[in-house]
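Please open the structure in your viewer and keep the sequence beside it, so that each stop of this tour can be selected in turn.

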Amino acid sequence: MDADPRTTAVVRGLVPEAGLRDFFDASFSALARAIEEQRITVLSPAFGLYHRSEGGLLDLEVGFATDRAVRPVGGVVAGSLPGGRVARLTHAGPFDGLGPSWERLRSWMGERGLPPAEDRWETYVTRPSPDMDPRDLRTELNWPVADRRDGGTPEDDSAEAVPGGGARP
């Protein structure tokens, strides 16, 4: 599928995997304050945009698509989600099953000759709550297709229909 680039309000950090929950919680608190103070309209569920990982740290942005750029405040900055061709899979279940779902998406792309870009993002379609059944969570995995180095454009190069399901890591 083709995605349009989107303006975002984000908090970016280098985070050890064990610190993800705390980073997300602190980021959402800072984002809520900035968005409310600046009267920005949120246009999407929350997302996590993952960049290259280094030395056991995840380089990521946590945020929301917004109607305009946020003024930097309290660790919140303006960002963007990439546009272009994106392979997408809907993961059903708890966050601890995301790893296998990402791998399934990577395999699906590889089988179709779609080179995965370095950055990728998760959209948290279902907002988690302490009293919910984790099996009810839905997370949309989005992996942009990298530009082809060989300039080829095979006819069967579609990234629109990806089987869903799985569990989150």
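Predicted model: local features only at pLDDT ≥ 70, side-chain atom pairs only at ≥ 80, totals over all residues.

Residues are numbered from 1 along each chain as its sequence is written, and side-chain values use heavy atoms, with hydrogens and water left out.

Begin with a cartoon of the protein chain, which has two helices and eight strands (DSSP runs, H or I of at least four residues for helices and E of at least two for strands, numbered from the N terminus). Followed along the sequence, these elements come in the order β-β-α-β-β-β-β-α-β-β. Of the 169 residues, 40% count as buried, meaning under 20% relative accessible area with a 1.4 Å probe, protein chains only.

Next, select Phe 24, Leu 31, Leu 60 and Val 76, which have the most contacts inside the largest nonpolar core, a set of 20 residues. Such a core consists of buried Ala, Val, Leu, Ile, Met, Phe, Trp, Tyr and Cys residues joined through side-chain atoms within 4.5 Å. Strand E2 (6-16), helix H1 (20-37) and strand E4 (57-65) each supply at least two of its residues, and H1 gives the largest share, seven residues.

Now centre on Leu 60, whose contacts (heavy atoms within 4.5 Å), leaving aside neighbours within four places in sequence, include Val 11, Phe 23, Phe 24 and Tyr 50.

Finally, select Ala 87, Trp 108, Leu 114 and Leu 141, which are among the 11 residues of a second, separate core.

Technical notes. Buried < 20%, exposed > 50% of the residue type's maximum accessible area, 1.4 Å probe, protein only.
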